[in-house]
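Here are my notes on the model you sent over. Have a look at the structure first, then go through the points in order.

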Amino acid sequence: MKRTFGLVLLGVALAATAVTAADAPQDIVDQRVAAMKQMGGKVNEAFQLSGTDATGSRAKLAEAIALAEAIPSHFPAGTADGDPGVKTRALPKIWSDSAGFKTAADGLVSALKAVDAKLAAKDPAVEAAFNDARKACGTCHETYRGPNK
Ligand code: HEC
């Protein structure tokens, strides 16, 4: 268990390094905004399908979960609001409280997995589970995302 967790952290660190080495800070910001939009789109598509096509819905959710798991890797140092050369809503708190930010990202992953479990079980509470997932978006945004630029 401990070893697995270490490997996951290493994976995130390597991903972050790869992004930093290849791209200018604003490109990293643009990529993560695009990833956020894509993730929101997948959750919406999953929601639309959830009443009629559980399998299709779960496929969209799997894509959303993969995007949610990658959130921390999209925030390397040097890409905060106030850093030179970046226009971003990412508050410096993401880096000063990186454990809290990771917890918020994990919270979304868990909430999306809970939706998936409800879909797999054909549980009618799936709509409530979608609402919980949307709340998990808001929980992070309230603390770590600044006003629109
Ligand atoms: C762990 C924190 C976190 C979670 C969870 C999270 N977001 Fe975000 N999101 C951010 C941050 C930080 C930004 C600002 C990125 C930037 O400007 O560099 C952002 C930006 C966005 C944007 C880009 C638009 C804008 O200008 O802010 C969209 C769309 C978005 N998020 C949707 C979502 C949706 C939908 C969910 C849930 C399915 C979600 N986010 C979950 C942290 C999060």
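**Helix packing, ligand shell and confidence**

1. Let's start with H2 and H3. On the H2 side, Ala35, Gln38, Met39, Lys42, Val43, Glu45, Ala46, Leu49 and Ser50 meet Ala54, Gly56, Ser57, Lys60, Leu61, Glu63, Ala64, Leu67 and Ala68 of H3. Sorted by class, this contact has ten nonpolar, four polar and four charged residues. Bear in mind that the model is predicted.

2. How do the axes of H2 and H3 cross? They come within 8 Å, at roughly 160°. Roughly antiparallel counts as anything over 145 degrees, so H2 and H3 are roughly antiparallel to each other. The crossing of H2 past H3 is left-handed.

3. H3, which spans residues 54-69, also packs on H5: the two axes come within 10 Å and cross at roughly 165°. That angle makes H3 roughly antiparallel to H5 as well. H3 passes H5 in a left-handed crossing.

4. Who makes the H3 to H5 contact? From H3 there are Ala54, Ser57, Arg58, Leu61, Ala64, Ile65, Ala68 and Glu69, and from H5 Ala105, Leu108, Val109, Leu112, Lys113, Val115, Asp116, Leu119 and Ala120. The class count for this contact is twelve nonpolar, one polar and four charged.

5. Next, H5 against H6. Their axes are 8 Å apart and the packing angle is about 170°, so this pair is roughly antiparallel. The H5 residues involved are Phe101, Ala104, Ala105, Gly107, Leu108, Ala111, Leu112, Ala114, Val115, Lys118 and Leu119. Facing them in H6 are Val126, Ala129, Phe130, Asp132, Ala133, Ala136, Cys137, Thr139, Cys140, Thr143 and Tyr144. In this contact, 17 residues are nonpolar, three polar and two charged.

6. On to the ligand. Which residues are closest to it? Those are Met36, Gly40, Arg89, Cys137 and Cys140, out of 22 residues that surround the ligand. The shell splits into 15 nonpolar, three polar and four charged residues.

7. As for where the shell comes from, H2 (25-50), H5 (98-120) and H6 (126-144) each supply at least two residues. H2 has the largest share, with eight residues. Cys137 and Cys140, listed among the closest to the ligand, also turn up in the contact of H6 with H5.

8. Finally, confidence. The mean pLDDT of the protein is 90, and 85% of its residues reach 70 or more. Residues 5-18 are another matter: the pLDDT there is below 50, and beyond near neighbours in sequence this stretch has five contacts in the model. Where pLDDT is low, the predicted coordinates should not be read in detail.

Note on methods. Residues are numbered from 1 along each chain as its sequence is written. This is a predicted model: local features need pLDDT of at least 70, side-chain atom pairs count only at pLDDT 80 or more; totals for chains, interfaces and linings use all residues. A residue is near a molecule or strand if its C-beta atom, placed from the backbone, lies within 6 Å of it. Helices (H or I, at least four residues) and strands (E, at least two) are DSSP runs, numbered from the N terminus. Ala, Val, Leu, Ile, Met, Phe, Trp, Tyr, Cys and Pro count as nonpolar, Asp, Glu, Lys and Arg as charged, and the others, Gly among them, as polar. Axes are lines fitted to C-alpha atoms, for helices over the stretch in contact, and angles run from 0 to 180 degrees between N-to-C directions. Angles under 35 degrees count as roughly parallel, over 145 as roughly antiparallel, 65 to 115 as roughly perpendicular and the rest as oblique. A crossing is left-handed if the near helix is turned anticlockwise from the far one by less than a right angle, and right-handed if clockwise. Two residues are in contact if their C-beta atoms, placed from the backbone, lie within 7 Å. pLDDT is the predictor's confidence in each residue, from 0 to 100.
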